[in-house]
Amino acid sequence: MQQYHDAKTQYPGMLVLFRNGEFYELFEDDAVLAHRVIGLTLTKRDGTIPMAGVPVVKLEHYLGLLLRAGHRVAVCEQLEDPAEARKRGSKAVVRRDVVRLVTPGTLTEDSLLDAKARNYLTAVCRGAKGAVGTIALASLDISTGEFEVGEIAAGDFPGEIVRLSPKEVLAADTFLAEGDQGKWIEIAGAATTPV
């Protein structure tokens, strides 16, 4: 559990899929959320810790479900064979670390992408020199290399964000807290990553 908590600390705001043998497991709040959002069976580890898991062979399927629901995921893999860990002692823990970060706007796997739609990751900020009246947007589809950048009047933000229909928006907390920007990002169907 210490390795799991270390990964959660290192990647705040992300669900951690933690490899344990033939399963990726989620614990505590992550398990409860996965149960609620994508219907994973909720169990308990040691009778007290909420836990849910997915088979390793079904990882891509469940990643797709989590991403379509707007979540960001850190995949924590076993970095050694359990037999190697046992050579260090009977209570030695298998080495694990996060090897992959997956967010709705950073997909490159064909199995997780919609071939008929762009998969924009859009960064949004105040326009030139922080001008209150303008907003700058930069959108990138990592899977194709398509890139679009521009500056708009602040009042045009709702139409522009819906036109772009990004899968993920990166924006400052302060920007998201102003006016209805967060609401329009949600209407556009994008996950929000505050920075």
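Predicted model: local features only at pLDDT ≥ 70, side-chain atom pairs only at ≥ 80, totals over all residues.
How many residues lie between strand 8 and strand 9 in their hairpin, and which residue in the turn has a positive phi? Residues are numbered from 1 along each chain as its sequence is written, and side-chain values use heavy atoms, with hydrogens and water left out.

**View A. The hairpin of strand 8 and strand 9.** Four residues separate the two strands, and Gly145 in the turn has a positive phi of about 85°. Helices (H or I, at least four residues) and strands (E, at least two) are DSSP runs, numbered from the N terminus. Strand 8 (134-141) and strand 9 (146-153) are antiparallel and share eight bridges; two strands pair if DSSP finds at least two bridges between them. Within this pairing, Gly150 of strand 9 is the residue opposite Leu137.

**View B. Strand 8 beside strand 7.** Strand 7 (120-126) runs antiparallel to strand 8 and is joined to it by seven bridges. Thr122 stands opposite Ser139 of strand 8. The covered face of strand 8 consists of Ile135, Leu137, Ser139 and Asp141, whereas Thr134, Ala136, Ala138 and Leu140 form the uncovered face.

**View C. The buried face of helix 5.** Helix 5 spans residues 157-164 and has Phe157, Glu160, Ile161 and Leu164 buried (under 20% relative accessible area, with exposed over 50% and partly exposed in between; 1.4 Å probe, protein chains only). Seen down the axis of helix 5, these buried residues fall within an arc of 95°, so they line one face of the helix; the arc is that of the directions from the helix axis to the C-beta atoms. Among the elements that cover them are strand 10 (168-171), helix 6 (173-177) and helix 7 (181-187), where contact means heavy atoms within 4.5 Å. Just after helix 5, Ser165 takes a positive phi of about 45°.

View D. Strand 1 (residues 15-20) and strand 5 (residues 73-78) are parallel, with four bridges, and Phe18 stands opposite Cys76 in strand 5.
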